[in-house]
Amino acid sequence: MKSKRNVTNVTFDEIRIGAAEESTVTLNRTQIDLMSLVSGDVDTFHLTGETGGGAPQPAGKTESAGSEALLSNIIGTRLPGPGTKILSRDMKYAGSIRAGDTLTARVTVAAKHETGRLVDLDCRVVNQEGRELVSGTTVVEAPKERLSYDDIAPIHLELRQRDAFMNIFRTCNTCEPVTCAVVHPCDRDSLEGALLAARRDIIIPILIGPEDKIRRIADEARIDLGSYRIVAVPHSHAAAAKAVELARAGEVESIMKGSLHTDEIMGAIVPSSSGMRTSRRISHAFVMDIPAYPKMLMMTDAAINIFPTLEVKRDIIQNAIDLARVIGIASPKVGILSAVETVTSKIPSTLDAAALCKMADRGQIKGGILDGPLAFDNAISAQAARTKEIHSPVSGEADILLAPDLESANMLLKQLTYLAGAEGAGIVLGTRIPVVLTSRSDSVRTRLASAALMAIVAQAARSGQYEVK
């Protein structure tokens, strides 16, 4: 991971004619695709990434979008930097860009005008061969005062062919905000994540924890607590117990984990005396957005049940099916994973898979289409199933994957996350109210998706569309 950096501007008075800044970048396929989509220039010349000889292609919108992005980055972060307003551009474009090209953008101060603090910037972009692709002038209003930003993280852009979380966000937009007990939000990430969900009208947070610590974290991170309610308790154990108490009293409709360990919050929820239990086993599900998979995929259970029995697996599947139906999948397809596709007493998970399918046939699991045992490749790839002559209504169409145990589910989840660019919005199921177990490693998008899932389930419970007895 690239380290964070400081960004400081150059004020109008400090700018000198002839001062210059430049930046060099080697373009990859994703960057070219992103430039094409942003610019609306989807000519196959750009999208196929072909290289080779022949006459130079005419410059298009992709070239302008890519080059202006490089120039704008210099102007916005270095010369003059933060506080700069771009007023006009007069550019000429020549040549083309392709994946593998190395572009160097250079910005030079050509003139200064006291009236309006205007600065004329000479802007040029050349490729690795020295061919000038862009030339022209940008007029900016330079900042009057010093601006400096610490802890600026490098921008990470990822081009996805689809967005599996979008359906969650759309559904959440129709929900009223839900009251949420945020348990021990005593670090920046957990406090900021909860209040971001509040600003998006997903939740109405009740912050539970040591009040002086919450306010100190907010002050240090420059987070505005506004009028949000704080319930003061001495420590994280008391915060978890208080959240359960508020849930039992009907004061909150959901619970969100803050900066305490998962075992600590689940230790307050799992006991029968908590009033949070139902007749079903509590389980956890990750709703996954995987760039290489054509739709949303749910993984269960990678967080709570270590070595589930057949009966526990039945509850885990039913919990996941009920969640899938709430978020709009009318008849979710469940792939029950094992190492092989045949039933054998040598691999107990294959026996469980066969029994679970028969339980579904007999109505002991409702609302979904089950098949298993299936190896992972045959569950997610119809082609892999055809190659092995497996005829399954789930292969290549799975909405839910049930792993044999927590170890295999957790490893698979992390492989998808770190090797396939997947993101997972997680939620606890089988409880009286939905519970979200956020992690410090969660992205903003994942935190919001988890909160949105929680809100959707809570809203469905209000209307009687989701009920766990």
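Does Arg-117 count as buried, exposed or partly exposed, and which relative accessibility puts it there? At 26% relative accessibility, Arg-117 counts as partly exposed. Here buried means under 20% relative accessible area, exposed over 50%, and partly exposed in between, with a 1.4 Å probe and protein chains only. The model is predicted, so local features need pLDDT of at least 70 and side-chain atom pairs count only at pLDDT 80 or more, while totals for chains, interfaces and linings use all residues. Residues are numbered from 1 along each chain as its sequence is written, and side-chain values use heavy atoms, with hydrogens and water left out.The protein has 14 helices and 18 strands. Helices (H or I, at least four residues) and strands (E, at least two) are DSSP runs, numbered from the N terminus. Buried residues make up 48% of the 469 residues. Contact means heavy atoms within 4.5 Å. Of the contacts with a separation of 6 or more, 72% are between residues 24 or more positions apart.

The largest nonpolar core has 68 residues. Such a core is a set of buried Ala, Val, Leu, Ile, Met, Phe, Trp, Tyr and Cys residues joined through side-chain atoms within 4.5 Å. Leu-191, Ile-203, Ile-317, Leu-323, Ile-336 and Leu-370 have the most contacts inside it. Helix α14 (residues 444–463) gives the largest share of this core, 11 residues. Another core, of 26 residues, lies apart from it, with Val-233, Ile-255, Val-428 and Leu-437 among its members. In soluble globular proteins, nonpolar side chains tend to be buried together. Neighbours within four places in sequence aside, Ile-203 touches Pro-177, Val-178, Cys-180, Ala-194, Ala-197, Ala-198, Met-256 and Met-454.

Two helix pairs were examined. Helix α5 (residues 188–199) and α14 pack at an angle of about 55°, and their axes are 10 Å apart. That angle makes α5 oblique to α14. Axes are lines fitted to C-alpha atoms, for helices over the stretch in contact, and angles run from 0 to 180 degrees between N-to-C directions. Angles under 35 degrees count as roughly parallel, over 145 as roughly antiparallel, 65 to 115 as roughly perpendicular and the rest as oblique. The crossing of α5 and α14 is right-handed. A crossing is right-handed if the near helix is turned clockwise from the far one by less than a right angle, and left-handed if anticlockwise. On the α5 side, Asp-189, Ser-190, Gly-193, Leu-196 and Ala-197 take part; on the α14 side, they meet Val-444, Arg-447, Leu-448 and Ala-451. These contact residues divide into five nonpolar, two polar and two charged. Ala, Val, Leu, Ile, Met, Phe, Trp, Tyr, Cys and Pro count as nonpolar, Asp, Glu, Lys and Arg as charged, and the others, Gly among them, as polar.

Helices α9 (residues 310–326) and α10 (residues 348–361) also pack at about 55°, with axes 10 Å apart. This makes α9 oblique to α10. Their crossing is right-handed. Leu-310, Lys-313, Arg-314 and Ile-317 of α9 meet Ser-349, Asp-352, Ala-355, Leu-356 and Met-359 of α10. The contact is made up of five nonpolar, one polar and three charged residues. Ile-317 is also one of the residues with the most contacts inside the largest nonpolar core.

Helix α8 (residues 262–269) has Glu-264, Ile-265, Met-266, Ala-268 and Ile-269 buried. The buried residues of α8 pack against β8 (178–183), α7 (236–248), β11 (254–257), β17 and β18 (435–436).

With 5% relative accessibility, Ala-422 counts as buried. Apart from neighbours within four places in sequence, Ala-422 is in contact with Met-288, Asp-289, Ile-290, Pro-291, Leu-416 and Thr-417. The C-alpha atoms of Ala-422 and Ala-292 are separated by 8.7 Å, although the two residues are 130 apart along the chain.

Some backbone features complete the description. A cis peptide bond joins Leu-79 and Pro-80, with omega about 0°. Pro-80 is in the loop between α3 (61–77) and β3 (85–93). The bond from Gly-372 to Pro-373 is cis, with omega near 5°. Pro-373 is placed in strand β15 (residues 369–374). Arg-117 has a phi near 50°, a positive value in a residue other than glycine. Its place is in the loop between β4 (102–113) and β5 (118–126). Arg-222 is not a glycine, yet has a positive phi of about 55°. Arg-222 lies in the loop between α6 (211–221) and β10 (229–232). At 79% relative accessibility, Arg-222 counts as exposed.
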